[in-house]
Amino acid sequence: MTATAPVKTKYEAIIGLETHCQLSTETKIFSNSSTKFGADPNLNIDPICMGLPGVLPVLNEKVLEYAVKAGLALNCEIASYSKFDRKQYFYPDLPKNYQISQYDLPIATKGYLEIEIVDEDGSSTRKTIGITRLHIEEDAGKLVHGGSDRLSGSTYSMVDYNRAGIPLAEIVSEPDIRSGQEAAEYAQELRRIMRYLGVSDGNMQEGSLRCDVNISVRPVGQKEFGTKVEIKNMNSFSAIQRAIDYEIERQIAAIEAGEKIIQETRLWEEGSQRTISMRTKEGSSDYRYFPEPDLPPIEVSVEQLTTWKSQLPELPAAKRHRYESELGLSPYDTRILTDDRPVSEYFEDTITAGATIKQAVNWIMGDITAYLKNEKCSITEIALKPEGLAELIALIEAGTISGKIAKDILPELLANGGSPKALVESKGLIQLSDPKALAEIIDQVLAENPKELEQYHAGKTKLQGFFVGQIMKKTSGKADPKLTNQLLGEKLKKS
């Protein structure tokens, strides 16, 4: 009797993200010090953010506005009454030895956002990720370790308090995420929303967007969660995905080896592409929260909430849906065009100016995007306005210029702006579309290349492309490509 092999246990990951978004205010959350990035160490500090005796914090009104708008954009319920709390912990980068945050009464709760994953075939899958809460808090400072890139192995440490008091919105997701890819897309969509609102620049390299991942694994079908592990120190969306994928495999391997997963905080090491243990995880009781005595509660009136809600722009998910349903664009095209609000606005303004949708998509996603990458600039910095792009497209569709001529003059238009029509006329680039004149040039080209003509008639029909190239060379690229191919084909049949 043959023994049956044991069924291999299948596992699933349970993932939630805690995301800190720096709010793009000019001054700090409770004081007038600048929030500008890149200042010399300990330049943007003051008695309030340093927690000196006798000082009193005052809430920056813009912080409240930005936090509420972020909560609304994430479909959250906005609390009419919320408060600040003191979160106690002791670390050299926290000058007060406590952080002013929100605990049991946050500004926003019970929201969600939609992620969309487009596969290699261009089809999309949508999923809703719940948002547990969004709360306001101040940032801590930054430790700079000498002799090592982290605390372990360093010979000394210095502290820069410029970030102390920087306003943050901490956004906590529900444990609805199941893979590294979903987590990376969630973080990108969150940044997309914040940028659309204009409440955060989301620059991960500057620390404006930081994600901590909570992850556990459990056998498929089990209701109880496994032991949660937190991962920190991820500075890109690809790092988030890679760290999660690694940690899923690590936890599964440990469980199957009979090891017990402990609740801890781990760091992602980019160099070795692995997570390493940092410390055992604190619980909320370790922070000894209590209401912040120096700040009054926050009350948001119905009138104020209505005003802020009316100021929200069309958000990325809604824009994607509209582009697909109303404009007939593919999920891939909508994803690219809606990733950055200025790009989507440029696209829409180009269509409003009269350009056909297909041509506008092709030019913006093709040559213009390539130019932006090459020049390392944004679409708001180019000189060619949407009306100009629409005019360029109209010139092509009217047969005034060829697509090749349009591509040739595009860099000059992007750099200097102006009217494409005027530029074409000043350079004498109007397309040659006179059948009689083209027929004469075709005759010349065929007469000058008897060998190639003989080979064409011997069966090498791909040489028609060679003849087109010679015609374009003679006309400096001004020959109408469609008409040229038509007339050339007729001539070759007769010759």
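Hi everyone, and thanks for coming. What you have above is a predicted model, in which local features need pLDDT of at least 70 and side-chain atom pairs count only at pLDDT 80 or more, while totals for chains, interfaces and linings use all residues. Residues are numbered from 1 along each chain as its sequence is written, and side-chain values use heavy atoms, with hydrogens and water left out.

Let's start with strand β6, which covers residues 108-118. When I say helix or strand, I mean DSSP runs numbered from the N terminus: H or I with at least four residues for helices, E with at least two for strands. How many of the 11 residues in β6 are buried? The count is 8, so the strand is mostly covered. Buried here means under 20% relative accessible area, exposed means over 50%, and partly exposed is in between, using a 1.4 Å probe and protein chains only.

Now for the neighbours of β6. Two strands pair if DSSP finds at least two bridges between them. Strand β2, residues 77-78, runs antiparallel to β6 and is joined to it by 2 bridges. There, I78 is placed opposite A108 of β6. Strand β7, residues 124-138, also pairs with β6 in the antiparallel sense, this time over 10 bridges. One place to look is V118, whose bridge partner in β7 is S124. Together β6 and β7 make a hairpin with 5 residues between them, and in that turn G122 has a positive phi of about 90°.

In general, side chains of opposite charge can pair when their charged atoms come close. I call it a salt bridge when a side-chain nitrogen of Lys or Arg is within 4 Å of a carboxyl oxygen of Asp or Glu. How many turn up in a search of the whole structure? There are 40 salt bridges.

One of them joins E114 and R126, at 3.8 Å from N to O. Since E114 lies in β6 and R126 in β7, this pair ties together parts that are 12 residues apart in sequence. E114 counts as buried because its relative accessibility is 17%, whereas R126, at 37%, is partly exposed.

Next, please find helix α2, residues 180-197. Here E189 and R192 meet in a salt bridge of 2.4 Å, N to O. Because these two are 3 residues apart in the helix, about one helical turn separates them. Both E189 and R192 are buried.

A further salt bridge, between E247 and R266, comes out at 3.6 Å, N to O. This pair links distant parts of the chain, 19 residues apart: E247 is in helix α3 (residues 237-256) and R266 in strand β13 (residues 264-269). E247 is buried, with 0% relative accessible area, and R266 is buried too, at 9%. Salt bridges that share partners also build one network, with E114, R126, E189 and R192 among its members.

On to the rings. Rings of Phe, Tyr and Trp (its six-membered ring) pair if their centres lie within 6.5 Å; planes under 30 degrees apart are stacked, over 60 edge-to-face, and the rest tilted. By this rule there are 7 aromatic pairs. Take Y287 and Y289: their centres are 6.1 Å apart and their planes at 75°, so the pair is edge-to-face. Y287 is buried at 15% relative accessibility, and Y289 is partly exposed at 22%. F466 and F467 make another edge-to-face pair, 5.5 Å centre to centre with 65° between the planes. Is F467 buried or exposed? At 0% relative accessibility, F467 counts as buried, while F466 is partly exposed at 28%.

Ring pairs link Y89, Y103, Y287 and Y289 into a cluster. The charged end of K87 also sits over the ring of Y287, 4.4 Å from its centre. That wording applies if NZ of Lys or CZ of Arg is within 6 Å of the ring centre and within 35 degrees of the ring normal. Elsewhere, K407 has its charged end over the ring of W363, 5.4 Å from the centre.

Last stop, the surface. V144, Y156 and M158 make a nonpolar patch of about 290 Å². Patches are made of residues with over 30% relative accessible area and no salt bridge; like charges are joined within 9 Å, and nonpolar side chains (Val, Leu, Ile, Met, Phe, Trp, Tyr) within 5 Å. Accessible areas come from the Shrake-Rupley method with a 1.4 Å probe, and for residues only the protein chains shown count as cover. Y156 is found in strand β9, residues 156-160, and is partly exposed at 47% relative accessible area.
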